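Thanks for coming. I have one structure to go through today, and I will keep it short.

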Amino acid sequence: MKKSIAAVAATLLLGVTLAACSDSGRSPLAPRDGSHPDALLGLGGSTSQTVYGALWKTPLEQNLNTTATIGPLGGTLRLPATGLTVLVPPGAVLRNTTFGVTALAGRVVAYDFQPSGTRFLVPLVVTQSSAPIDMAPPLLGLKLMRPAYFKSATDIDQQAGTATVSELLPQITIDLLGNINYVVPHFSGYIVSWAME
């Protein structure tokens, strides 16, 4: 009995936290304030740096997007045109939620995820096929690929292939099929970036 009461209390607390952190009223690519998820990995809202983004072999001529309604049992959001799959594990959300993703037009592998600003109770797993991506680093010394969070589409310089980012997540993994895999704790804009070893 004590365990079930504790479990219910924990679930309710997490639900309140999720609802309080939801930011679905904002424009998907609107700049975020300093109290937003930037601080999640200790990089504070004012911290930013310029990184080189991974590039599409063939630049996207227009934005590509899709949506899926996913509930507490989990599910998958796919954008086949770019080889993107987002696995939403069971328990990541407490109610049916409309998930969306937009691949931004241009050279840089960049996505805007919806609902913007939402933090998840369980991190989501992003898988990106490497087939449409140029996997060669743009500069000598750049050897590691890392997902990076950007605040606004205006933070991406499509001509230079760079982006100003506010958060670098841990290094990605490449699976046996050559897919790029990483986890995200919240939704916003993400690119695959190159970093020094």
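This is a predicted model: local features need pLDDT of at least 70, side-chain atom pairs count only at pLDDT 80 or more; totals for chains, interfaces and linings use all residues.

Residues are numbered from 1 along each chain as its sequence is written, and side-chain values use heavy atoms, with hydrogens and water left out.

The protein has one helix and 17 strands; these are DSSP runs, numbered from the N terminus, with helices being H or I of at least four residues and strands E of at least two. Of its 197 residues, 45% are buried, meaning under 20% relative accessible area with a 1.4 Å probe, protein chains only.

Next, the peptide bond. Gln114 to Pro115 is cis, with omega near 5°. Pro115 sits in the loop between strand 8 (110-114) and strand 9 (119-128). In general, most peptide bonds are trans.

Now the rings. There are eight aromatic pairs, counted for Phe, Tyr and Trp (its six-membered ring) when centres lie within 6.5 Å; planes under 30 degrees apart are stacked, over 60 edge-to-face, the rest tilted. Phe99 and Phe187 are edge-to-face, 5.7 Å centre to centre with 85° between the planes. They are 88 residues apart, Phe99 in strand 6 and Phe187 in the loop between strands 16 and 17. Both Phe99 and Phe187 are buried. Tyr149 and Tyr190 have ring centres 6.3 Å apart and planes at 55°, so that pair is tilted.

How values were computed
Buried means under 20% relative accessible area, exposed over 50%, partly exposed in between (1.4 Å probe, protein chains only).
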